Amino acid sequence: MFEHIDAYPGDPILSLNEDFQKDPRTSKVNLSIGIYFDDDGRLPVMRAVREAEAAILNEPGPKPYLPMAGFAHYRDAVQALVFGETNPARAEGRIATVQTLGGSGALKVGADFIRRYFPQSQVWVSDPTWENHRFIFERAGFEVNTYPYYDKATGGLKFDAMLAAIDALPARSIVLLHACCHNPTGVDLDRAQWERLIGVLQERDLLPFVDMAYQGFGAGLDDDAFAVRELARRGIPALVANSFSKNFSLYGERCGGLHVICEDAGAAHRVLGQLTGSVRSNYSNPPTHGAKIVTRVLNTPALKESWQGELAAMCQRIARMRVAIHDGLRDHVHGEALTRYVKQRGMFTYTGLSAAQVDRLREEFGVYILRSGRMCVAGLNDTNVGTVAESIAKVLAD
Ligand code: LMR
């Protein structure tokens, strides 16, 4: 019966992370998966999360199914965080929001929804993008293409080429964008570039699908959401996926949201109904625990303030590690190949190392980065950054 089923080749990120767990070397360093580790190399439990969780566990009660669209207080709190409390689109009821299984769940529910209602459209993703974007949209039935993005020569953005390619797409094409902290390159658009791009998306009648998995890890919670807030403010139809895996350090709780910006409240009502149908046919309804934590933190001013402070400290630690790896490589890497470590934003840096160099780093030195050359700088700490820099220098020297 199953003779024709090929072996799964593994996932370039999650399978590598599993290989890391199995590696017996004590000196190994995990810079592969996009997870924030603290300076002791531990996955943090944020203070606000701990307090909210303790309060929730003190109020034991029955565990019914949540509504298909998710916990209502969660949906409202998440929408306010993503779009800003006072965004007119919220007051006008133009945003349909459902609770999802992390950011990937939001992408999948959104992909199924647009596949059903825009069957002629194709999807366009940045070159390169997070590997799972392609997998999710292809498995939802889409043809997935790329638009120019990363400039290998400068370690920056090919903005003109990106804009020209998007400007030439057929109306109703789906354009996948990263709101901030681009994964895998760490290269983002600035405000002026977003404004020009949003103008083109509107003029060409394109449908943006914005993935915001790292809100708060770039320029701050509000600035990172600039593009999605601007789309909503201007009334441009769009989908937005957000995740609390990274900024709440709640990876395994699978907390996220899918938001569809609509032209009016009537459309938002119908879209919400169809998103609900998409949830029902995928997994019926989302889980409770993580959503309760996020809701309590976002709706309790003291906890929210504590969470924001801790998130800001995480970003400062990443910035410090960017400087440390930059300084450690100063004698071995030059020009833009060095400055990218401090210029690129968020959890990732695109090192420019080849797959063969990455393999050597892993095999000889136990330093794990993705074969694309993506390094998660949030896995560096004061103890390992020196050896990581030395290992890279040795690999580059041969
Ligand atoms: C990553 O890019 O490493 C993270 O988003 C984890 C994942 O699921 O791929």
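By class, the shell around the ligand has five nonpolar residues, two polar ones and two charged ones; Ala, Val, Leu, Ile, Met, Phe, Trp, Tyr, Cys and Pro count as nonpolar, Asp, Glu, Lys and Arg as charged, and the others, Gly among them, as polar. The model is predicted: local features need pLDDT of at least 70, side-chain atom pairs count only at pLDDT 80 or more, and totals for chains, interfaces and linings use all residues. Residues are numbered from 1 along each chain as its sequence is written, and side-chain values use heavy atoms, with hydrogens and water left out.

The shell consists of Ile13, Leu14, Ile33, Gly34, Trp130, Asn183, Tyr214, Lys246 and Arg374, each with a heavy atom within 4 Å of the ligand.

| Residue | Atom | Distance |
|---|---|---|
| Gly34 | backbone N or O | 2.7 Å |
| Arg374 | polar side-chain atom | 2.8 Å |
| Trp130 | side-chain N or O | 3.0 Å |

Taken alone, the ligand exposes 260 Å², and the protein buries 83% of that (Shrake-Rupley method, 1.4 Å probe).

An automatic or database assignment gives domain 1 (12-45 + 308-397) and domain 2 (65-299). Both domains give residues to the shell, so the ligand lies between them. Their centres, taken over C-alpha atoms, are 27 Å apart. Across the interface, 24 residues of domain 1 are in contact with 28 residues of domain 2, where contact means heavy atoms within 4.5 Å.

Key:
A polar contact is a pair of N or O atoms within 3.5 Å; within protein, one must be able to donate a hydrogen and the other to accept it, and residues adjacent in sequence count only if both atoms are side-chain atoms.
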